[in-house]
Amino acid sequence: MRTYQQKTAETQHDWFIVDATGHRLGTLAVRIARALSGRTKPTWTPHIDDGDHVVVINAEKVELAPRKWTQKVYHRHSGFPGGLRTETAAQVRDKYPERLIERAVRGMLATNRMRDVLLNRLSVYAGPDHPHAAQKPEPLT
């Protein structure tokens with residue numbers, strides 16, 4: 001019996017939609033990362049890009065544990081002296097609710113050259129409207 005190796009020409013990128021309303025951030029990020037990397041498909045091959053497109057709606061309604069809204073801190077640095085900026089999860093949700101999901105999914109993906117390619121297939125929207133209706137995305141189960 002020979003081991004199946006998928007070819008790049010055989011890949012198919014499907015479209016999925018996820019409603020973030022009422023879902024925990026970490027659990028949702030794991031499901032999205034697995035769909036983006038293609039690990040949910042039986043033909044998954046580590047060195048082939050077989051991931052799907054994922055559209056996330058209602059990102060502002062994602063849930064965290066009550067204390068994490070104030071205790072979870074995001075850091076970024078400008079590269080200049082004194083350029084460290086910190087924000088709590090609640091501050092990020094109020095300004096840019098999409099970034100919570102984008103950063104969580106980024107942390108769930110493998111740190112290699114494929115990560116940015118996979119993240120280009122992730123579309124996150126704060127509200128229920130999205131411009132990807134023509135692709136007919138199916139619900140991610």
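Student: What does the model itself rest on?

Tutor: This is a predicted model, in which local features need pLDDT of at least 70, side-chain atom pairs count only at pLDDT 80 or more, and totals for chains, interfaces and linings use all residues. Residues are numbered from 1 along each chain as its sequence is written, and side-chain values use heavy atoms, with hydrogens and water left out.

Student: Why is Arg103 called partly exposed?

Tutor: Buried means under 20% relative accessible area, exposed means over 50%, and partly exposed is in between (1.4 Å probe, protein chains only). Arg103 has 43%, which puts this residue in the middle class. Its place is in helix H4, residues 97-108.

Student: How do you know that the side chains of Lys41 and Asp50 meet in a salt bridge?

Tutor: A salt bridge needs a side-chain nitrogen of Lys or Arg within 4 Å of a carboxyl oxygen of Asp or Glu. Between Lys41 and Asp50 the N to O distance is 3.3 Å, so the pair meets the criterion. Side chains of opposite charge can pair when their charged atoms come close. Both partners count as buried, since Lys41 has 17% relative accessibility and Asp50 has 1%. Lys41, Asp50 and Asp52 are linked in a network of salt bridges.

Student: What makes the contact of Lys95 with Glu87 a salt bridge?

Tutor: The closest N and O atoms of Lys95 and Glu87 are 3.7 Å apart, so the contact meets the criterion. Here Lys95 counts as exposed at 54%, whereas Glu87 counts as buried at 15%. Arg93 and Asp94 also form a salt bridge, at 3.8 Å from N to O. Arg93 is partly exposed at 26%, and Asp94 is exposed at 60%. A search of the whole structure finds 7 salt bridges.

Student: Why are S5 and S6 said to stand at the edges of the sheet?

Tutor: The sheet is open and has 4 strands in the order S5-S2-S1-S6, with parallel pairing. S5 (122-124) and S6 (138-139) each have a single partner strand, so one side of each is left without a neighbour in the sheet. Strands (E, at least two residues) and helices (H or I, at least four) are DSSP runs, numbered from the N terminus.

Student: What makes S3 and S4 a pair?

Tutor: S3 (residues 73-77) and S4 (residues 84-88) share 5 bridges in the antiparallel sense, so this pair also meets the bridge criterion. His77 stands opposite Leu84 in S4. The two strands form a hairpin with 6 residues between them, and Gly79 in the turn has a positive phi of about 100°.

Student: Which value of phi is noted for Asn58, and is the residue buried or exposed?

Tutor: Phi of Asn58 is near 55°, a positive value in a residue other than glycine. Asn58 has 7% relative accessibility and therefore counts as buried. Its place is in the loop between S2 (53-57) and helix H2 (68-71). Lys136, in the loop between S5 and S6, has a positive phi of about 55°. Lys136 is exposed because its relative accessible area is 66%.
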